[in-house]
Amino acid sequence: MTKKIAVQKTLSDSGKELLKNHGFDVVELPDKKISTLLNLASDAYGIILGTAPFPNDTVKKMPNLKIIARNGVGYDNIDVNFMKAHGIYVTITPLANASTVAETTLAEIFDLSKNLTNDSIAMHKNNWNYKKLHMGFDLAGKTLGILGYGRIGKMVAKKMSAMNVNIIIYSPNLKDPEIGKAVDRDTLFKESDIITLHMPVLPSTKGSITSREFGMMKDSAVLINLARGPLIKTHDLIDALKNSKIKGAALDVYDKEPLPSDSPLYNFKNVLLTPHIASNTVECMGRMAYDAASEIVKTLEGKKPQWNVYR
């Protein structure tokens with residue numbers, strides 16, 4: 001009997017084709033609802049999953065499930081220990097998106113520093129003089145703080161090193177990075193003009209950016225988050241913005257996605273909001289889909305996945 005794989009309809013063709021070429025029956029889901037998954041593919045052998053939550057009780061209703069392949073890197077939407085206990089692989093695509101997310105990080109740094117989006121919006125409203133009261137700032141000579149030094153953090157450091165910025169980094173147990181200087185966490189918050197987050201959501205990092213951290217930051221500093229929304233206590237960020245404790249922020253991820261329409265974050269002109277697009281390029285989406293599908297293919301061939309998140 002042909003094994004069934006459930007994927008989002010929007011998954012890049014490279015992943016779908018790889019699965020089909022290896023004899024899988026690919027079921028394309030029209031939405032992210034668990035009810036849709038169970039209705040169309042409760043007997044699936046595998047799933048290529050995005051960022052939507054995957055409740056543990058779903059496993060009881062999918063008796064054939066052997067692998068959940070994340071179409072991305074973060075896996076805080078999956079209870080990994082539970083899946084391990086039930087013999088279900090959980091895989092990620094660590095090599096597919098790091099360079100793209102690093103590029104997007106630079107794009108958001110440039111946007112904030114030069115006020116590009118707001119200037120463009122003002123010009124579209126025929127307000128040529130908006131720029132006079134809303135000037136940007138130079139990057140040269142400023143201090144960039146990178147919180148988290150995995151693949152993405154390292155690429156951000158490498159790409160930004162050409163901009164004549166002072167790069168400081170905090171990551172547990174980091175002593176001698178190839179680029180920049182390792183500092184303690186409090187020093188990073190106190191000295192940085194720009195702080196960019198690139199760590200995973202763990203018990204030690206969830207909700208770890210609070211009023212304490214915003215209180216240490218310069219009132220001229222900006223915060224960029226393309227990692228995960230739950231790293232920041234949103235209420236504390238809103239308070240910091242409202243009371244000018246920091247200059248601004250660029251957010252691509254949120255503790256609730258999509259960002260609710262009544263979120264106060266929409267009211268701040270000094271906050272660049274993007275809808276989780278850090279890896280949203282044609283090339284990156286193709287790589288992620290292919291790598292996620294390749295992990296499923298490996299299990300079909302009796303091999304262990306290359307990027308299983310537990311051992």
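Student: Which residues does the UniProt annotation "domain: D-isomer specific 2-hydroxyacid dehydrogenase catalytic" cover?

Tutor: This is a predicted model, in which local features need pLDDT of at least 70 and side-chain atom pairs count only at pLDDT 80 or more, while totals for chains, interfaces and linings use all residues. Residues are numbered from 1 along each chain as its sequence is written, and side-chain values use heavy atoms, with hydrogens and water left out. UniProt positions follow the numbering used here, feature names are shortened, and an annotation may be inferred rather than shown by experiment. According to the unreviewed UniProt entry, this annotation covers residues 6-309.

Student: How far apart are the end C-alpha atoms over residues 6-309?

Tutor: Helices (H or I, at least four residues) and strands (E, at least two) are DSSP runs, numbered from the N terminus. Over residues 6-309 the chain is 33% helix and 15% strand, and the distance between the end C-alpha atoms is 20 Å.

Student: Which residue in S3 is the bridge partner of Ile5?

Tutor: Two strands pair if DSSP finds at least two bridges between them, and strand S1 (residues 4-8) runs parallel to strand S2 (residues 25-29), joined to S2 by 5 bridges. In S2, Ile5 stands opposite Val26. S1 also runs parallel to strand S3 (residues 46-49), with 2 bridges between them, and in S3 the bridge partner of Ile5 is Gly46.

Student: What handedness does the β-α-β unit of S1, helix H1 and S2 have?

Tutor: A crossover is right-handed if, with the strands pointing away from the viewer, the path from the first strand over the helix to the second runs clockwise. The unit made by S1, helix H1 (residues 13-21) and S2 is right-handed.

Student: How many residues of H4 are buried?

Tutor: Helix H4 (residues 98-114) has 17 residues and should span 24 Å at 1.5 Å a residue, which agrees with its end C-alpha atoms being 25 Å apart; the expected span is 1.5 Å times one less than the number of residues. Buried means under 20% relative accessible area, exposed over 50%, and partly exposed in between (1.4 Å probe, protein chains only). Among the buried residues of H4 are Val101, Leu106 and Ile109. H4 is mostly covered, and its buried residues number 12.

Student: Which strands stand at the edges of the sheet?

Tutor: This open sheet of 7 strands has parallel pairing and the order S8-S7-S6-S9-S10-S11-S12. Each edge strand has a single partner strand, so one side of each is left without a neighbour in the sheet, and these strands are S8 (181-182) and S12 (271-273).

Student: Is Asn164 buried or exposed?

Tutor: Asn164 is found in the loop between helix H6 (151-160) and S7, and its phi is near 60°, a positive value in a residue other than glycine. Most residues other than glycine have a negative phi, and most peptide bonds are trans. With a relative accessibility of 57%, Asn164 counts as exposed.

Student: Where is Pro258 found?

Tutor: The peptide bond from Glu257 to Pro258 is cis, with omega near -5°. Pro258 is found in the loop between strand S11 (248-251) and S12.

Student: Which residues touch the most other members of the largest nonpolar core?

Tutor: A nonpolar core is a set of buried Ala, Val, Leu, Ile, Met, Phe, Trp, Tyr and Cys residues joined through side-chain atoms within 4.5 Å. Of the 30 residues in the largest one, those that touch the most other members are Leu197 and Phe214.

Student: Which element gives the largest share of this core?

Tutor: The elements that give two or more residues to the core are helix H7 (185-191), strand S9 (194-197), helix H8 (211-216), helix H9 (234-242) and S11. The largest share, 4 residues, comes from H9.

Student: What is the relative accessible area of Ser279?

Tutor: Ser279 has its place in the loop between S12 and H10. Not counting residues up to four places away in sequence, Ser279 touches Asn97, Thr100, Val101, Cys284, Met285 and Met288, where contact means heavy atoms within 4.5 Å. Ser279 is buried, and its relative accessible area is 14%.
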